[in-house]
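Please open the model in your viewer and keep the selection tool at hand. The tour moves from one selection to the next.

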Amino acid sequence: MSSHDLQRDLNERHIRLMALGACIGVGLFLGSAKAIQMAGPAIMISYILGGLAILVIMRALGEMAVHNPVAGSFSQYAKDYLGPLAGFITGWNYWFLWLVTCVAEITAVAVYMGIWFPDVPRWIWALAALASMGTINLIAVRAFGEFEFWFALIKIVTILAMVVVGIGMIAFGFGNDGIATGISNLWAHGGFMPNGIQGVLMSLQMVMFAYLGVEMIGLTAGEARNPTKTIPSAINSVFWRILLFYVGSLFVIMSLYPWNEIGTQGSPFVMTFERMGIKTAAGIINFVVITAALSSCNGGIFSTGRMLYSLAQHRQAPAFFGKASRSGVPRRALILSILALLLGVLLNYLVPEKVFVWVTSIATFGA
């Protein structure tokens with residue numbers, strides 16, 4: 001293998017957890033409150049509809065990724081089948097989208113670290129998050145895969161624990177003096193669909209944004225150990241797992257708490273664990289949210305580096321960025337992305353209160 005090739009060091013467990021980790025982000029832990037306010041308990045229908053749309057897209061992407069497993073993924077497929085302009089726009093838009101999303105994630109890390117260390121300026125935490133995730137990506141793709149695996153696992157275990165504890169409360173009255181809470185909250189406050197079908201449709205834009213990140217499976221095809229086996233298996237399993245985590249956790253949350261109160265009294269995850277007598281619930285969830293943001297940032301740096309590398313290989317970016325190190329890492333492309341992300345650290349220094357709203361708005365447009 002020449003020093004200019006990516007290395008196939010990602011196995012199936014890495015790819016499955018990466019796709020899950022990229023999708024299950026900060027929004028779910030804070031209650032998906034805005035989407036719930038739009039649709040009420042019917043938000044679960046929104047997630048099922050969005051999930052079915054994503055399944056169709058992902059199966060199509062999976063077929064192309066197995067047929068032609070390359071790092072550029074959908075950017076190269078757009079170039080091959082729709083023309084150079086489509087590939088150029090797709091690739092650079094995706095690079096910019098994840099760059100902005102990474103700024104949002106390092107800002108989230110800074111905000112949540114501020115809960116524990118209120119006297120430390122936010123930009124220091126943003127810089128620390130960027131430096132640590134950038135270093136992991138520059139070492140080797142296997143280092144990136146391992147970190148992403150464990151980061152994602154923390155989120156998944158937390159969600160499963162919350163679902164199990166919540167079902168215990170609903171069915172057996174755990175934390176409620178043995179009195180089962182039931183699921184009447186799903187229809188007791190204006191009905192299951194309080195804002196009608198319009199509310200469900202209005203919430204879809206936020207729901208689809210929550211699914212952003214699952215397409216990372218396509219980008220891993222160029223470094224998957226056995227893409228013909230790994231990619232289809234990951235795509236088939238990830239859809240059902242995302243549906244379980246999103247719909248399952250929302251079912252539990254809205255059964256336990258009136259939908260119109262969610263988000264007004266803090267994270268439903270914290271409230272649920274505290275009702276079980278876990279006094280340090282807020283600290284635990286804060287730690288999980290920080291790892292969720294770091295996980296998304298880690299995946300975003302991976303995505304920007306691979307996309308820029310692919311664009312350079314197809315002469316749609318300077319050829320300087322189309323080379324990989326001896327360990328199979330596109331370091332030049334990664335370093336440019338990391339340097340661009342320093343703008344996010346600067347924004348956290350200049351306008352710490354406004355940066356998160358700015359960058360999430362831009363990221364939604366790009367998505």
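What follows is a short walk through a predicted model.

The model is predicted, so local features need pLDDT of at least 70 and side-chain atom pairs count only at pLDDT 80 or more, while totals for chains, interfaces and linings use all residues. Residues are numbered from 1 along each chain as its sequence is written, and side-chain values use heavy atoms, with hydrogens and water left out.

Begin by selecting Tyr47 and Tyr246, whose rings have their centres 4.8 Å apart and their planes at 15°, so the pair is stacked (rings of Phe, Tyr and Trp, the last by its six-membered ring, pair if their centres lie within 6.5 Å; planes under 30 degrees apart count as stacked, over 60 as edge-to-face and the rest as tilted). Tyr47 lies in helix 4 and Tyr246 in helix 11 (residues 227-256), so the pair ties together parts that are 199 residues apart in sequence (helices are DSSP runs of H or I with at least four residues, numbered from the N terminus).

Select Phe147 and Phe151 next, an edge-to-face pair with 6.1 Å from centre to centre and 65° between the planes; both residues lie in helix 8, four residues apart, about one turn of the helix. Phe147 is partly exposed at a relative accessible area of 40%, whereas Phe151 is buried at 12% (buried means under 20% relative accessible area, exposed over 50%, partly exposed in between, with a 1.4 Å probe and protein chains only).

Stay in helix 8 (residues 141-172) and select Thr158, which is buried at 9% and whose side chain reaches the backbone oxygen of Ile154 at 2.8 Å.

Note on methods:
Helix = DSSP H or I, 4+ residues; strand = E, 2+ residues; numbered from the N terminus. Polar contact = N/O pair within 3.5 Å; in protein donor to acceptor, adjacent residues only side chain to side chain.
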